[in-house]
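Below is a short report on the inside of one protein chain.

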Amino acid sequence: MADRQRLKATLIGLTAVLMWATLGLFGAGSGKVPPFLLNTLCFGFSGTMALVWLVLTGKTRLLRQPLGVWAFGTFGLFGFHFFYFTAIRNAPPVEANLINYTWPLLIVLFSALLPGEQLRLHHVIGAVLGLAGAVLLITGGEGVGFSSGSMLGYGAAVASCLFWSSYSVLSRRLGAVPTEAVAGFCLMTAILSGVCHLALEETILPASSLEWASVLALAAFPVGLAFFTWDIGVKHGDIQVLGAAAYSAPLLSTLLLIAFGFGALTPAVGIACVAITLGAVIAAKEMIFKRRQKAPVSAQPDELL
């Protein structure tokens with residue numbers, strides 16, 4: 001029964017990866033809305049909708065959490081986005097994304113520190129293959145040169161991947177905190193993002209109904225529901241499998257952009273697809289290929305005599 005619940009939680013967590021795959025497509029459709037304002041709009045909408053749902057279902061009491069839980073959840077969500085935006089503003093986007101996308105590998109490695117978790121070689125191999133595929137995908141097979149003048153951006157990228165990997169792994173230690181509390185984390189992230197927007201950005205709102213629809217789609221799925229399903233997955237599912245499978249997000253995002261005419265299918269994309277898929281299968285081999293244990297054969301009446 002416990003294995004079935006763990007599998008269910010893992011599958012729920014994987015839906016977050018599928019939703020994050022739409023970030024590129026919906027982000028491209030959101031126009032020139034600056035990142036912190038986009039964050040404010042998306043987290044504000046998703047957090048408000050979640051709050052409305054809690055009110056309608058009579059579950060607002062679940063938001064009553066210790067101050068430490070609120071700080072952990074808020075700085076986990078906001079910290080990741082703050083440092084990521086800082087990274088892409090102060091370093092070449094390709095290099096910043098490469099550094100940031102070590103977070104799935106860090107989740108797999110950090111999970112070894114959790115009680116009851118056992119890090120195996122196939123988990124590490126799967127995550128490394130996924131990282132290799134992500135590197136190929138982001139660079140397009142071309143070389144990458146890190147410049148000494150972008151140290152602030154590189155440092156912010158390191159901080160962003162540490163924030164998200166630590167948040168994901170440490171969430172396991174807060175298994176008693178209900179997933180509904182993420183609604184509060186979203187609202188606090190929206191407020192902090194709004195402050196950063198007012199201090200750092202020019203206000204540019206979506207210019208058309210299509211851009212507003214893209215913002216709402218972002219808020220509903222990759223910057224909304226995904227954080228709730230991810231919370232269920234990392235708290236109750238197979239966190240190593242989730243970490244390795246997270247590398248499929250940039251791949252699926254690229255394929256979606258290609259499908260909608262925002263990119264081209266290249267040999268690098270094809271090889272990355274094979275590497276990431278193979279890595280995910282290797283990391284999840286126990287979950288995919290696990291043999292059912294045969295039930296013991298009940299004793300025959302003659303054997304009881």
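What volume does the largest cavity have? The answer is about 50 Å³. This is a predicted model, and every value here is computed from it.

**Enclosed and open space**

The count comes to one cavity of 30 Å³ or more. Its lining consists of V69, F72, Y167, S171, L174, V177, F185, D231 and K235. By class, that makes six nonpolar, one polar and two charged residues. Helices α4 and α10 each supply at least two residues of the cavity lining.

The largest pocket holds about 1200 Å³ of space. It is lined by 40 residues, and those closest to its centre are L23, G24, Y84, N97 and S253. No charged residue is found in this lining, which has 29 nonpolar and eleven polar residues. The top contributor is α12, with six residues.

The table sets the two linings side by side.

| Space | Volume | Lining by class |
|---|---|---|
| Largest cavity | about 50 Å³ | six nonpolar, one polar, two charged residues |
| Largest pocket | about 1200 Å³ | 29 nonpolar, eleven polar, no charged residues |

**The nonpolar cores**

In soluble globular proteins, nonpolar side chains tend to be buried together. Here, the largest nonpolar core has 55 residues. Within this core, W20, L77, W103, W164, F227 and W230 have the most contacts. Helix α10 gives the most to the core, with nine residues. A second, separate core has seven residues, including A87, A96, I99 and Y154.

Leaving out residues up to four places away in sequence, W103 touches W20, C161, W164, S165, W230 and A246.

Why is α6 described as largely enclosed by the rest of the structure? Six of its eight residues are buried, so α6 is largely enclosed. The buried ones are W103, P104, L105, L106, I107 and V108. They pack against α1 (2–20), α5, α7, α8, α10 and α11 (239–245).

Helix α5 is mostly covered too, with six of its eight residues buried. These are E95, A96, N97, L98, I99 and N100. Their cover includes α4, α6 (103–110), α7 and α8 (151–170). N97 is among the residues closest to the centre of the largest pocket, while A96 belongs to the second core.

**A buried threonine**

T189 sits in helix α9, which spans residues 182–200. Is T189 buried or exposed? T189 has a relative accessible area of 0%, so it counts as buried. Beyond its neighbours within four places in sequence, T189 is in contact with N39, F43, T74, L77 and F78. One of these partners, L77, is among the residues with the most contacts inside the largest core.

**Confidence**

The chain averages a pLDDT of 90. A score of at least 70 is reached by 93% of the residues. Residues 291–305 are a stretch to treat separately: pLDDT stays under 50 there. For that stretch the model has one contact beyond four places in sequence. Where pLDDT is low, the predicted coordinates should not be read in detail.

Conventions
Residues numbered from 1 in each chain as written. Predicted model: local features only at pLDDT ≥ 70, side-chain atom pairs only at ≥ 80, totals over all residues. Heavy atoms only, no water. 1 Å grid on protein atoms, 1.4 Å probe; cavity = no way out; pocket = protein on both sides within 12 Å on 5 of 7 lines; lining within 4 Å. Points joined across faces, edges and corners; volume = space filled by probe spheres on them. Helix = DSSP H or I, 4+ residues; strand = E, 2+ residues; numbered from the N terminus. Nonpolar A, V, L, I, M, F, W, Y, C, P; charged D, E, K, R; others polar. Core = buried A, V, L, I, M, F, W, Y, C linked by side-chain atoms within 4.5 Å. Buried < 20%, exposed > 50% of the residue type's maximum accessible area, 1.4 Å probe, protein only. Contact = heavy atoms within 4.5 Å. pLDDT = per-residue confidence, 0-100.
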